[in-house]
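Here are my notes on this model, as numbered points. Please read them with the structure open beside you.

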Amino acid sequence: MVLVSLTALFGCKRETDVTAIICDSANAVEIDLSIPAAYQATELSPSPMMSPQHVEVPGDGSVYFYGRDSLFRYSLRDGHREVEYGRRGRARNEYVQLWDYWLDGDEVFLYDLDGGKVLRYTKDGTYLSSEEVRNAEYPFQLLCRLDGDRWVGRLTFRGDNGVTPELGLYDNGFGYVHRTGAETLRSGIRIGYPFSRNKTGVLYFGPFSDKIVQVTADSSYVRYQVVFPEGTIHRDDYKDEYEVLGRIASDQGKKEFSYLLIDVREEGNYLGFAYASSMRGPMYALHDTRQGETHVFHIKLPEGWHLSAAVLQGGRVYFVGYGEDAGTRVWGMDVKTLLSEKKQK
């Protein structure tokens, strides 16, 4: 295992050494999802005609799918739509703009950004309550359950000289408690859902960052740093995600680099996440936290499709693909299957 000392550079309380995860994209094993019989695939029906912004597979036999102001739950067994949560409107049990959602035990929380409230539902879609959010000084745009008493939130960018704190802790009434960590937001754009829970607390990864932060009730520290030998886009060298997206568009196919960690999940002995390669396309990495070895896979999808999500849960990895004219498909495979593909090739 490669260890890099944690320094004051990160502005976080020192808790442990930083594990460097080296992703060797050049020697990645190809996982060809375009072969119909090769891996188990589930078609979502009726298919949501948008690419998801936030996918969860919590182990209850369903996949939760948010995109373009809608939240759906689908069966992983046959792909049929089980629930659509809420509806647009200005009533107490409706949302003006569905910004995102969070799962919390047997409940689903919807965040109405413009309406300034959080809606609670059971997983089967029964409306429970609505709670107004009052955070004039430190409003959040995203939350994740930290423990029984607190949530960790990504704060809303205020644009006041770049000093908006990035993360804050909130109580069960969604009231701001205090900030955590010393990082500040550089813009208000949100790309993907940056939180996931693990045994220690919550993992957080900012857009275009190569650092994965562990958040606990009393501290925040860099736990993993992802290293791409072919080069990467570092969070420290930009001020706006639009600038980075423009750079990617101009450099795509001209030089090799990797970027944009998404769907970071830690379970058992593995940390899994997806990322993009400018030359190869969608990639997936499984880091063995016990052995210190990182396994990298090139995810090949059917022509015209792109990888929307990759979720590690219950010893399986669920790849979510979206095609503009074909809908949405979920491929699920055991971690053991992925690793056996590497041994065979």
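1. Start with one term. A contact means heavy atoms within 4.5 Å. With that in hand, look at Asp 100. Leaving aside neighbours within four places in sequence, Asp 100 is in contact with His 54, Tyr 66, Phe 109, Leu 110, Tyr 111, Leu 142, Arg 190 and Tyr 193.

2. Know what you are looking at. This is a predicted model, in which local features need pLDDT of at least 70, side-chain atom pairs count only at pLDDT 80 or more, and totals for chains, interfaces and linings use all residues. Residues are numbered from 1 along each chain as its sequence is written, and side-chain values use heavy atoms, with hydrogens and water left out.

3. Check the confidence. pLDDT is the predictor's confidence in each residue, from 0 to 100. The protein averages 87, and 89% of the residues score at least 70.

4. Now the overall make-up. The protein has 2 helices and 27 strands. Both are DSSP runs, numbered from the N terminus: helices are H or I with at least four residues, strands are E with at least two. Of the 345 residues, 53% count as buried. Buried means under 20% relative accessible area, exposed means over 50%, and partly exposed lies in between (1.4 Å probe, protein chains only). Among contacts between residues at least 6 apart in sequence, 48% join residues at least 24 apart.

5. Return to Asp 100. Asp 100 is found in strand 9. Is this residue buried or exposed? Asp 100 is buried, with a relative accessible area of 0%. Its side chain makes a polar contact with the side chain of His 54 (2.8 Å). A polar contact is a pair of N or O atoms within 3.5 Å; within protein, one must be able to donate a hydrogen and the other to accept it, and residues adjacent in sequence count only if both atoms are side-chain atoms.

6. Follow the strands. Strand 9 and strand 10 run antiparallel, joined by 6 bridges. Two strands pair if DSSP finds at least two bridges between them. Trp 102 stands opposite Phe 109 in strand 10. The two strands form a hairpin with 2 residues between them, and Gly 105 in the turn has a positive phi of about 65°. Strand 10 also pairs with strand 11 (residues 117–122), again in the antiparallel sense over 6 bridges. Here Glu 107 stands opposite Thr 122. This second hairpin has 4 residues between the strands, and Gly 116 takes a positive phi near 65°. Since 5 of the 6 residues of strand 10 are buried, that strand is largely enclosed by the rest of the structure.

7. Look inside. A nonpolar core is a set of buried Ala, Val, Leu, Ile, Met, Phe, Trp, Tyr and Cys residues joined through side-chain atoms within 4.5 Å. Which members of the largest core touch the most other members? They are Trp 102, Val 118, Phe 140 and Phe 195, out of 27 residues. Several strands supply at least two residues each, including strand 9 (98–104), strand 10 (107–112) and strand 13 (140–145). Strand 13 gives the most, with 4 residues. A second, separate core of 22 residues includes Tyr 39, Tyr 270, Leu 286 and Leu 307.

8. Visit strand 27 (residues 327–334), where Arg 329 lies. The side chain of Arg 329 makes a polar contact with the side chain of Glu 43 (2.6 Å). Not counting residues up to four places away in sequence, Arg 329 touches several others, among them Ala 41, Pro 302, Trp 305 and Phe 319.

9. Finally, check the backbone. Most residues other than glycine have a negative phi, and most peptide bonds are trans. The peptide bond from Ser 45 to Pro 46 is cis, with omega near -10°. Pro 46 sits in the loop between strand 4 (41–43) and strand 5 (54–56). Leu 260, in strand 21 (residues 258–267), has a positive phi near 60°. Asp 263 lies in strand 21 too, with a positive phi of about 55°. Leu 260 is partly exposed at 22% relative accessible area, whereas Asp 263 counts as buried at 10%.
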